[in-house]
Amino acid sequence: MEAVKDVRDEPGPVAEEASAPEAAPVPGEVSEVAAGPTERRLHPVTPLRRAWAPVAVIAGWAVHDPDQAQRQLTRLTTMTLTAVLVAAVLGAALYGFLSWWFTHFAVTDTELRIRTGLVFRRTAHIRLERLQAVDVTQPLLARVAGVAKLKLDVVGTDKKDELAYLGQEEARVLRAELLARAAGFAPETAHEVGEAPVQRLLHVPAGVLAVSLVLTGATWGTLAAALVVPPLLWFATHSVWTVLATALPLLGAAGASSVGRFVGEYDWTVGESPDGLRIDHGLLDRTHETVPPGRVQTVRIVEPLLWRRRGWVRVELDVAGSSNSVLVPVAPREVADAVIARVLPGVTVPTSLARPPRRAGWCVPFWWRGYGLAVTDTVFVARHGLLRRSIALVPHAKVQSVRLEQGPWQRHKGLADVRVDTGANKTVTARLRDATEAAELLYGQADRSRTGRREARPDRWMA
Amino acid sequence: METGTSENAGQTAGQAAGEPVWIGLPPGLLRMRRLLLVVWLGLLTVGTGLLLGLLAGPGWAAFALLPLAVLLWGWPMLGRNWRSWRYAERADDLLISRGVLWQEETVVPYGRMQLVEVTSGPVERHFGLSSVQLHTAAAATDARIPGLDPAEAERLRDRLTELGEARSAGL
C-alpha cells in the first residue's frame with residue numbers, strides 16, 4: 001500500500017542505525033552529517049501542549065455531573081485540593097516531558113522516520129515519493145510561542161504521524177527539504193535547494209468572503225435553528241438543563257458555520273510554485289498547505305443558489321490521505337476556472353454538459369434536470385444538483401475503477417448510473433444515462449483511464 | 001445471461017478488445033447456499049410448527065408455513081442470483097457482473113490493483129470453495145468473486161498479481 005509503516009515493540013534496526021541517539025543535537029539545529037540520518041527532537045515547547053490534559057479531565061467531570069462535583073468539593077479541604085492539583089500537573093508535565101524526550105525524527109534520502117513511544121515503541125516510515133501533501137499549521141497559541149506543526153499526508157497516515165511542534169523557521173526549512181527530496185533532487189543537494197519561488201494565483205478579499213458567507217443558506221439555517229429551538233423547548237419542558245444542552249451545541253454550530261468559517265478562510269491565498277500548489281489561510285490559526293503536482297484526485301465546483309447572480313463559485317479538491325478539501329472558498333467563475341487550469345494542467349472546464357434523456361424524469365422527477373455529463377480528452381465531468389449545482393471533475397489518470405449500476409425501475413426506462421471511483425475515496429456518479437450510452441461509457445472510461453495514466457507525470461515531479 | 005462453468009475459457013491471455021469471455025461461478029456455491037437455506041429454514045419451520053402446535057394449539061402451527069414459503073421462494077431466487085454472477089478477464093482489466101434486479105458491472109484495470117485476497121471460511125472450505133477479493137486505492141471499489149474452486153481462485157490471484165505488477169500504476 002501507500003504508507004509504509006512499521007510498528008515495533010523493541011527498538012530494532014532503526015534505533016541502531018541512528019547515529020548516537022542519546023546525544024541528539026539541540027532541536028532547531030540542522031547538523032549536516034553525510035553518513036547516516038541525523039535524529040532530531042521536536043521543539044522544547046512541545047511538552048506544554050499536554051499539560052492542560054488533567055485540568056480538562058477534571059473540568060469535563062465537573063460539567064458532566066455538576067451536583068456530585070460540588071458535594072465532593074465541599075468535602076475536600078483546601079490542602080488536599082492543592083495537593084491533588086499539584087500532583088496532576090506534575091504528572092502531566094512528566095508525561096509531556098517523557099513523550100517529548102522519546103520522540104525523534106530523521107529525514108533520510110527516501111523517507112521521513114518518526115520514532116515515538118516510551119513503553120510501546122512505534123516507528124513510522126513515511127516514504128517521500130508517496131507524499132500527497134504537506135501542511136504547516138500554526139494554532140493561535142503556537143503562533144505566540146513561535147512554533148508550528150508539520151504534517152505529511154500519505155495514504156494511511158494518522159494523527160500520530162505529524163511533527164508537533166517544530167520551530168517556525170525549522171518547519172519551513174524542513175518542508176522545503178522534504179519537498180525537494182520528494183521531487184527527486186539529488187540527496188546531497190536537497191537541503192540546499194531551499195524554498196521554491198511562489199507565484200500568487202488568487203487572493204480572496206475579506207469583504208467578498210463575508211458577503212459570500214451571508215449569502216450561504218447553511219449560515220442562516222443554523223442561526224435560525226439556534227434562535228428558534230431553545231425557546232420552543234423552554235415552553236415545552238421548562239427545564240434549564242435541557243434547553244442549555246440543546247442551545248449550546250446549536251449556538252456552537254451556528255458560530256462555526258459563520259464566524260468560524262470566516263476566521264478559518266480569512267486571507268485565503270492560492271499560489272503556484274514548482275513544488276506544487278500553495279494554499280495559505282487563517283486569521284487566528286494559520287495554515288500553509290502544499291499539494292505537489294499530480295496529486296489532485298477530484299476537483300469540485302460548487303455553486304450555491306444565492307451566489308449564482310454574482311457568478312461566484314467555491315472550488316473543492318480531494319487529495320488522497322488528506323482531510324483538506326477547499327481550494328478556493330469563493331471566487332468569480334472565470335478566476336476559479338483559471339486556477340483549475342493550473343491545478344489540472346491541460347484541463348478546461350466544459351461549458352455544456354449533456355443532460356439525461358427526458359424519460360429520466362420518471363426516475364427522479366424535476367431534479368433530473370440538474371444531472372449532466374461530459375467526457376473530454378483529459379477529464380470525466382459530472383454535474384448534480386438543481387439549486388446548489390456541483391460539478392465534479394476527475395482526471396482519467398486518477399480513476400481506480402468504474403461501475404455501472406441499474407435498478408429494476410431504471411431498466412424499465414432504459415437508464416443506468418455510471419460511477420467512477422478515485423483514490424481519495426470519493427465516487428463521482430453520472431446518473432440516469434441512457435443504458436447503451438452508459439455501457440459504452442463503462443468500457444470507454446476504463447480504456448481512457450489506462451491511457452491517461454501512461455501520460456501522467458511521474459511521482460517524483462522534478463526527476 | 002446463462003453461461004455454464006467453463007474453467008479454461010478465460011485463459012487466453014491476449015484476449016482482444018472484442019466481446020469479453022464471461023465465466024460463470026461453479027455450481028458448488030449454489031449447492032452450498034441452497035443447503036444452508038434448507039437447513040436453517042427447515043429447522044425454523046419444524047421448530048415453530050412443533051412449538052406453536054404443542055403450546056398454543058394446532059391452528060397456530062399454521063405460522064410455520066411462513067418460513068416454508070420463504071424457503072420455497074428462496075430456492076429459485078438463489079439460482080437466479082447465482083446465474084447472474086460472472087466475470088471476465090480482458091487484456092487490461094477485469095470485469096465483474098452481478099445482480100438480477102439491481103444489476104452492477106464493475107471494471108477494474110489490472111494496474112490499479114493494490115491487493116488481491118483469497119479467503120475461505122469454514123463452511124466454504126467444507127464445500128471446497130474460495131472467494132477472491134480485489135482492493136484498489138479506492139475503498140468504494142467493490143470487486144469480489146465468491147465461491148470459486150480453490151485452484152481457480154489461486155490461478156486468478158496469481159494471474160491478477162502478475163498482470164498488476166506488469167501494469168502497475170499507483171494513485
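In the predicted model, A:E405 stands opposite B:E104, a residue of strand 4 of chain B. This pair belongs to an antiparallel arrangement in which five bridges join strand 18 of chain A to strand 4 of chain B, the latter spanning residues 103-109. The two chains meet through 23 residues of chain A and 24 residues of chain B. On the side of chain A that touches chain B, two or more residues each come from strand 18 (399-406), strand 19 (415-422) and helix 13 (435-455) of chain A. Strand 18 of chain A gives the most to this side, with seven residues. By class, the side of chain A that touches chain B comprises eight nonpolar, nine polar and six charged residues.

Chain A contains 13 helices and 20 strands. Of its 463 residues, 33% count as buried. Among contacts in chain A with a separation of 6 or more, 56% are between residues 24 or more positions apart. The average pLDDT of chain A is 83, and 88% of the residues score at least 70. Over residues 1-35 of chain A, pLDDT stays under 50; for this segment the model has 58 contacts beyond four places in sequence.

The domain assignment of chain A gives domain 1 (206-265) and domain 2 (290-455). The centres of these two domains of chain A, taken over C-alpha atoms, are separated by 32 Å. Seven residues from domain 1 of chain A and six residues from domain 2 of chain A take part in the contact. On the side of domain 1 of chain A that touches domain 2 of chain A, helix 8 (residues 206-214) of chain A gives the most, with three residues. The residues on that side of domain 1 of chain A divide into three nonpolar, three polar and one charged.

Strand 13 of chain A, residues 312-319, is mostly covered, with seven of its eight residues buried. This strand pairs with strand 12 (residues 296-303) of chain A through six bridges, and the two run antiparallel. Within this pairing, A:V315 in strand 13 of chain A is the bridge partner of A:I301. Strand 13 of chain A is also joined to strand 14 (residues 326-332) of chain A, here by four bridges and again in antiparallel orientation. In the latter pairing, A:E316 stands opposite A:V326 of strand 14 of chain A. Strands 13 and 14 of chain A form a hairpin with six residues between them, and A:G321 in the turn has a positive phi of about 80°.

In soluble globular proteins, nonpolar side chains tend to be buried together. Not counting residues up to four places away in sequence, A:L166 touches A:L42, A:H43, A:V147, A:A148, A:L150, A:A171 and A:L174.

Chain B has four helices and seven strands, and its elements run β-α-α-β-β-β-β-α-β-β-α from the N terminus on. Buried residues make up 26% of the 171 residues in chain B. Of the contacts in chain B with a separation of 6 or more, 50% are accounted for by residues 24 or more positions apart. Chain B is divided into domain 1 (32-79) and domain 2 (86-166), and the C-alpha centres of these two domains of chain B lie 34 Å apart.

Within chain B, B:S130 lies in strand 6 (residues 130-135). B:S130 counts as buried because 22 C-beta neighbours lie inside 10 Å, the cut-off being 20 or more. Leaving aside neighbours within four places in sequence, B:S130 is in contact with B:V118, B:T119, B:S120, B:E124, B:L148, B:P150 and B:A153. The C-alpha atoms of B:S130 and B:L29 are separated by 9.5 Å, whereas these residues are 101 residues apart along the chain.

Note on methods: Residues numbered from 1 in each chain as written. Chains lettered and ligands numbered in written order. Buried ≥ 20, exposed ≤ 12 C-beta atoms within 10 Å, placed from the backbone. Pairing = 2+ DSSP bridges. Domains from an automatic or database assignment. pLDDT = per-residue confidence, 0-100. Nonpolar A, V, L, I, M, F, W, Y, C, P; charged D, E, K, R; others polar.
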